[in-house]
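Look at the sequence and the coordinates, then work through them.

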Amino acid sequence: MKIIKVALDVPLATLFDYRHDAATELDVGCRVVVPFGKKRLVGVIMETADSSSVTSGRLKTAFDVLRDSPRLEESDLELLRFASHYYHYPLGAAVMGSLPPQLRRPRPPPSSRKNARGAAPAAELPTASSAPTLTPEQERALSTVLADPNRFQSHLVLGVTGSGKTEIYLQAIAAVLAAGRQALLLVPEISLTPQLETLVRARFPGMRVVALHSALSEHERTVNWLAAQSGHARVVLGTRLAVFAPMPRLGIIIIDEEHDASFKQTDRFRYSARDIAVVRASRVGVPVVLGSATPSLESYFNAVNGRYRLSTLTQRIGAPLPSIECVDTRGERLEDGLSARLRQALDEYVARGEQSLVFINRRGYAPVLMCHSCGWISGCHRCSAKLVLHLGERRLRCHHCGHAAAIPQACADCGNPQLAPMGQGTQRVEGALSQRYGKSGVLRIDRDSVRPRDAWNVMRRRIHGGEAKILVGTQILAKGHDFPNLNLVGVLNADSLLYSADFRAPERLLALLTQVSGRAGRGGTQGKVLIQTEFPEHSLYDALKRQDYRAFAELLLAERREAAFPPFTHQALLRAEAPRLQTALEFLRGAIVAARDIANLVTLYDPVPAAMPRRAGRERAQLLVQCESRSRLQQFLGEWCRKLEGRSSSARWIIDVDPLEL
Ligand code: ADP
Ligand code: ZN
Ligand code: ZN
C-alpha cells in the first residue's frame, strides 16, 4: 500500500494521509485532489510512505494527481517547511497559500500557449534603454554585490534617496541574466509605481519580465507564476508574496526599501518576506541585496556587525539633497493646518510654476467629528477607533473595519446640532488649498482617490503635464516616484507619529520623512522641505535635517541595547482574540501556566490588551515573549504551540514571530 502525505489548506498543523497505490517519489511536489469531509480539496503531496498511522478502514483514497502544472521542487518545499516551522504556522496552509489562487482549486490552469498572449504587458510597450555609466560609489557597490555570484552573501546598500540604488539593482540583474539565471526583485508596492516595471522591461527587452502581486487578475497571477516556475520568466518583480515563487535558476534576490513594513504579512501567516528572502538566498547559495535610505535597525545592525556587507552611497545623482527645515508651530494659529511659513513658500513655488507636495498622514476630511457641548466624539462601535469624516461622500468611515455611517444631524448624546470636525485630513487640506490656488491646480492622492480603476494613470498625467501645482497626499506618495518638477515638500502632522507607544515609532518616522523629503528636487534644482513641528529640537528632526541616518541609527541602537529590545533580543507575540476581552486575557493567562516548565531562559510578560483592543467586533489581547537566543526562543515556541493546541478555549490565537506591531 502506498501512502501520500498531503498539505491541505486547513488550520491544522499536520499533513493528511491518503492512499494512492500508484504513487512514486516523483509525485512529491505535485498537486492532488483528495476527499476531505464532504468536499474535494486540492493539496500538495509533501511525502510518500509505505504505511500510515491512520487505521486502514478510515484511510481514504486520493482522487487524482494533477499533471496540468509542473511539480514543486524539493527546494521549494524545503523553503515552505522552514517558513512554516519558523513562524509556527500550519504547513498545509503555508504551502497552499504560496500557490496562485487558481492552482488551489481543482480546475485546470490556463494552458501555457494561451499564456504567452495573455501575459503581454498590459501597460505601455517600453522602448529599450541602455544603462548609464555608474558613479564611482555605484561602481564600488555593484562590484561588492557581484564579487562572488555563486555564494550566499547578504548585502546592505545604504544610499540616500536618489543616489542610484535602482541602477545598481538593474546592473546586478543584468549580470545575473547574462549568466543564464533568474532574478527576483521584491518591492513594497507595485500597483502605484508602474515606472519601475516599465524601467525593468525597457532595460531587458529580450527577456521575459513578470510581475507578481495581489492586484493582478487571478489568470495573470497564475500565468506569471508558472513562467517563474518554468524558468521562462527571467525577472520576477513582485511584492512580498513573490518570495515563495519557484525559480529554478535563481541567481540573485533584491529587496528594495527593505525597511518597509509591508514585507511583513500582518494576518494569518505572519512571515517577513525580507527575512525569508535572506534564508532562501542562503539555501540556494546566491547573493541577496537589501536596499534602503533608512534600513531597518535589524538590517543596519547586521551590517555594522559584519554579517551583511555594507555599501554606502552618499551622493545624490544630478541634484543636491534637499534642504530640510523645521517650522516651529508652537504658539502659531495654523490656517487649515498650514503655517504662515508654508503658505508663503507655496505661494512662491506656485508663482514660479514649480510643483509642491503637502504631506499629511491622514486621509478623509477630519480624523474625528466632535460635539463641543458634551464632548461626544464619533467612534466606531466595532473597533476601539474613531470614525473619520469623509465629506465628499458625506459619510463617517472606520479605517479599520470599513464600517460606514451617515453623518449625524445632531449630537446623539445632547442634541447639539453643531458638530465640529476636529483636525486635518487630506480632503480638508485639499479644500483649503483649492480655495487659495484654484481647484484644478490641486490634486489629492490617497487611498480613496486612487481607488477607481485607472485613476492613478489619469493623475500621473496631470502631475507630469504640470497641470497639478500642488499635490496633497499620504504616504502612498512617498514611495519610489520621480516627479521631476516637484521642488517643495511640506509635512503637516509629523509629531503625531513621534510619540507612540511602539518602540519602533522613531525609526519608522525617520524612514517616512526621509522618503517624503526625497521626493523634492529630483529634476536638477535643490528641493526644499518644510516640516511643521512643535518639537523642532528633537534628535530625529536633527538627524533628518543633516540627512545623517547613521548617526540616528547609532543613537537608536544604543537605546535598544539599553532596553534589551530587538535587535539585541528576539521577540514573539502570542495574540489572542475573542468576543470578550476577558476570554482572550484568560486564554493568555492559561498560556503562561502552560509555559511554566518549558520557558527556560525565555521571558514572558503579562498579558495585555492590544494597542487597539477592539477590532471589527472582536477583542484582542497579547502576550510578549522575549529571549536573547533565537534558537532557544524557537524551541520554546514549538513546545508551547503543541501545549496550546491541546487547550480548549473560545479564543482564537496565533503566534507572531518577530512582530513589527506591538
Ligand atoms: P534611488 O533608487 O537611490 O532613489 P535612482 O536609482 O532612482 O535612485 O536614481 C535616481 C536618478 O538618477 C534616476 O533618474 C536614475 O535614472 C538616475 N541615475 C542613476 N544612476 C545614474 C548614473 N550612473 N548616471 C546618470 N544617472 C543616473
Ligand atoms: Zn453633545
Ligand atoms: Zn471599525
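The questions below concern a predicted model, and they go from ligands to single residues.

Q: Which residues come nearest to ligand 1?
A: The shell around ligand 1 holds 16 residues. They divide into four nonpolar, eight polar and four charged. Those that come nearest are Thr133, Gln138, Gly162, Lys165 and Thr166.

Q: Which helix gives the most residues to the shell around ligand 1?
A: One helix contributes three residues to this shell. It spans residues 165-178. The name is helix 5.

Q: How many Å lie between a backbone N or O atom of glycine 162 and an oxygen atom of ligand 1?
A: Serine 163 places a backbone N or O atom 3.2 Å from a ligand 1 oxygen. For glycine 164, a polar backbone atom is 3.0 Å from an oxygen of ligand 1. For glycine 162, the value is 2.8 Å.

Q: What percentage of the area that ligand 1 exposes when taken alone does the protein bury?
A: Backbone atoms of glycine 162, serine 163 and glycine 164 each lie at a polar distance from a ligand oxygen. Taken alone, ligand 1 exposes 560 Å². Of that area, the protein buries 69%.

Q: What is the arrangement of the four donor atoms around the zinc ion (ligand 3)?
A: The ion is coordinated by the SG atoms of Cys380, Cys383, Cys398 and Cys401, at 2.3 to 2.4 Å. The four donor atoms subtend angles of 106 to 115°. Four donors count as tetrahedral if all angles lie between 85 and 135 degrees. Because the angles around ligand 3 are 106 to 115°, the arrangement is tetrahedral.

Q: What spacing do the donors of the zinc ion (ligand 3) follow along the chain?
A: The donor residues are Cys380, Cys383, Cys398 and Cys401. Cysteine 380 and cysteine 383 are both buried. Along the chain the donors follow C-x2-C-x14-C-x2-C.

Q: In sequence, how are the donor residues of the zinc ion (ligand 2) spaced?
A: Here the donors are the SG atoms of Cys371, Cys374, Cys411 and Cys414, 2.3 to 2.4 Å from the ion. The site is tetrahedral, with angles of 103 to 115° among its four donor atoms. In sequence the spacing is C-x2-C-x36-C-x2-C.

Q: Is cysteine 374 buried or partly exposed?
A: Cysteine 371 has 0% relative accessibility, so it counts as buried. Buried means under 20% and exposed over 50%. Cysteine 374 has 38% relative accessibility, so it counts as partly exposed.

Q: What distance separates the C-alpha atoms of isoleucine 276 and valine 243?
A: Isoleucine 276 is in helix 8, residues 273-284. Its relative accessible area is 0%, so it is buried. Valine 243 is 33 residues away along the chain. The C-alpha separation is 7.2 Å.

Q: Which side chain is joined to that of glutamate 507 by a polar contact of 2.7 Å?
A: Glutamate 507 is placed in helix 13, residues 505-517. At 14% relative accessibility, glutamate 507 counts as buried. The polar contact of 2.7 Å joins its side chain to that of arginine 560.

Q: Which side chain is joined to that of histidine 259 by a polar contact of 2.8 Å?
A: Histidine 259 sits in the loop between strand 10 and helix 8. Its relative accessible area is 16%, so it is buried. The polar contact of 2.8 Å joins its side chain to that of serine 292.

Q: What is the omega value of the peptide bond that joins proline 566 and proline 567?
A: Proline 567 is in the loop between helix 15 and strand 24. The bond joining proline 566 to proline 567 is cis. Omega is about 5°.

Q: What value is phi of aspartate 454 near?
A: Aspartate 454 is in the loop between strand 20 and helix 12. Its relative accessible area is 45%, so it is partly exposed. Its phi is positive, in a residue other than glycine, and lies near 75°.

Definitions and conventions
Residues are numbered from 1 along each chain as its sequence is written. Chains are lettered from A and ligands numbered from 1 in the order in which they are written. This is a predicted model: local features need pLDDT of at least 70, side-chain atom pairs count only at pLDDT 80 or more; totals for chains, interfaces and linings use all residues. Side-chain values use heavy atoms; hydrogens and water are left out. A residue is near a molecule or strand if one of its heavy atoms lies within 4 Å of it. A polar contact is a pair of N or O atoms within 3.5 Å; within protein, one must be able to donate a hydrogen and the other to accept it, and residues adjacent in sequence count only if both atoms are side-chain atoms. Accessible areas come from the Shrake-Rupley method with a 1.4 Å probe; for residues, only the protein chains shown count as cover. Helices (H or I, at least four residues) and strands (E, at least two) are DSSP runs, numbered from the N terminus. Ala, Val, Leu, Ile, Met, Phe, Trp, Tyr, Cys and Pro count as nonpolar, Asp, Glu, Lys and Arg as charged, and the others, Gly among them, as polar. Donors are N, O and S atoms within 2.8 Å of the metal (3.2 Å for Na, K and Ca); water is not among the atoms, so sites may look incomplete. Four donors count as tetrahedral if all angles lie between 85 and 135 degrees; four count as square planar and six as octahedral if opposite donors are over 155 degrees apart and all others between 65 and 115; anything else is irregular. Buried means under 20% relative accessible area, exposed over 50%, partly exposed in between (1.4 Å probe, protein chains only).
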